[in-house]
Amino acid sequence: MMAVPVFLYHSVSDDPPSWIAPFTVTPRVFREQLDRITDSGLSVVPLRRLVSALHGGPPLPPGSAVLTFDDGFADFYWTVAPVLADLGMPATLYVTVGAVHPPGGQPTGSLLPPARMLNWRQVTMLDAVGIEIGGHSQTHAQLDTVQARQCADEVVGSKRRLEEALGHEVTAFAYPHGYSSPGLRTKVRQAGWTSATAVGNRFSSNADDPMRISRLMVRNDTPPAVFDDWTAGRGAGLAPAPERLATKGWRTYRRLRAALGGPVGGPELL
């Protein structure tokens, strides 16, 4: 099977808030990583081409890669988008709808700690210049632990809000923290999302699950040698992979904690 690196970024900044710093790369490192992708011979293609292939459409050409960004930090507008435009690289940006705010106004609310996030004018402008805007829920909750009513608002409501803002259908979803379950994936598909990305830290492939596309998370401590391995199709497993018993047990534990009204635990951001 063909290994497809789907890179997962969050913030690109020299001075991020401490909570997101482990998942932030500097603008200099970001540009160097994009140059490494190009120098390796990979071609960055839109996520929708991978999704189409996974749904039985034309296969991806060999040497394809995909760029994705989670949450909706303001630095995507000021720092990331100009670099992507300069290099002619497509990308998908998954926004946490409740963290987006009107220009000069306040967001409706999310579970993300304070940070500079995109406003709705910036989101619509990014959409207009060809950045694919996807959904990342309303509040960034761990969706495999929430009650049915909240899950519907997170999955269905966020889609509706994005489509109202952009004036067209949105079809790409990303699970907050990377957490999903078979039932949640069914709900996401039934809501009209045609793809959903997780984390996995594996290469995607032509046999990957379009509702659980695996991505490689780029962190502030990702060594250049590891990044080079990823561009060469080395250093990670290949999706799809069966869900591990430990993953199921961790989900059960977090659901129990949620039912008891306590924090569900887990990493701050995945």
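These legends go with several close-up views of the chain.

This is a predicted model, in which local features need pLDDT of at least 70, side-chain atom pairs count only at pLDDT 80 or more, and totals for chains, interfaces and linings use all residues. Residues are numbered from 1 along each chain as its sequence is written, and side-chain values use heavy atoms, with hydrogens and water left out.

**View 1. The chain as a whole.** Let's start with the overall picture: the chain has eight helices and 10 strands, taken as DSSP runs (H or I, at least four residues, for helices; E, at least two, for strands) and numbered from the N terminus. The radius of gyration is 17 Å, close to the 18 Å that the globule rule gives for 270 residues, so the chain is as compact as a globular protein of that length. Here the radius is taken over C-alpha atoms, and the rule is 2.2 Å times the number of residues to the power 0.38. Of the 270 residues, 49% count as buried, that is, under 20% relative accessible area with a 1.4 Å probe, protein chains only.

**View 2. Leucine 54 and its neighbours.** Leucine 54 lies in helix α2 (residues 47–54). Its relative accessible area is 14%, so leucine 54 is buried. Leaving aside residues up to four places away in sequence, leucine 54 touches Ser205, Asn206, Ala207, Asp208, Pro210 and Ile213, where contact means heavy atoms within 4.5 Å.

**View 3. Two nonpolar cores.** A nonpolar core is a set of buried Ala, Val, Leu, Ile, Met, Phe, Trp, Tyr and Cys residues joined through side-chain atoms within 4.5 Å. The largest one has 49 residues, of which Phe30, Leu67, Phe69 and Leu84 touch the most other members. Helix α3 (residues 75–87) gives this core its largest share, five residues. A second, separate core of 14 residues includes Leu47, Leu50, Leu60 and Tyr94.

**View 4. Helix α5 and its kink.** The 19 residues of α5 (residues 148–166) should span 27 Å at 1.5 Å a residue, and this agrees with the 27 Å between its end C-alpha atoms; the expected span is 1.5 Å times one less than the number of residues. A kink of about 30° is centred on glycine 157, the bend being the angle between axes fitted to the seven residues ending there and the seven starting there. Buried residues of α5 include Cys151, Gly157 and Leu166, and the helix's buried residues pack against β6 (92–95), α4 (120–128), β7 (132–135), β8 (172–174) and α6 (182–190). Glycine 167 follows α5, with a positive phi near 80°.

Methods: Buried means under 20% relative accessible area, exposed over 50%, partly exposed in between (1.4 Å probe, protein chains only).
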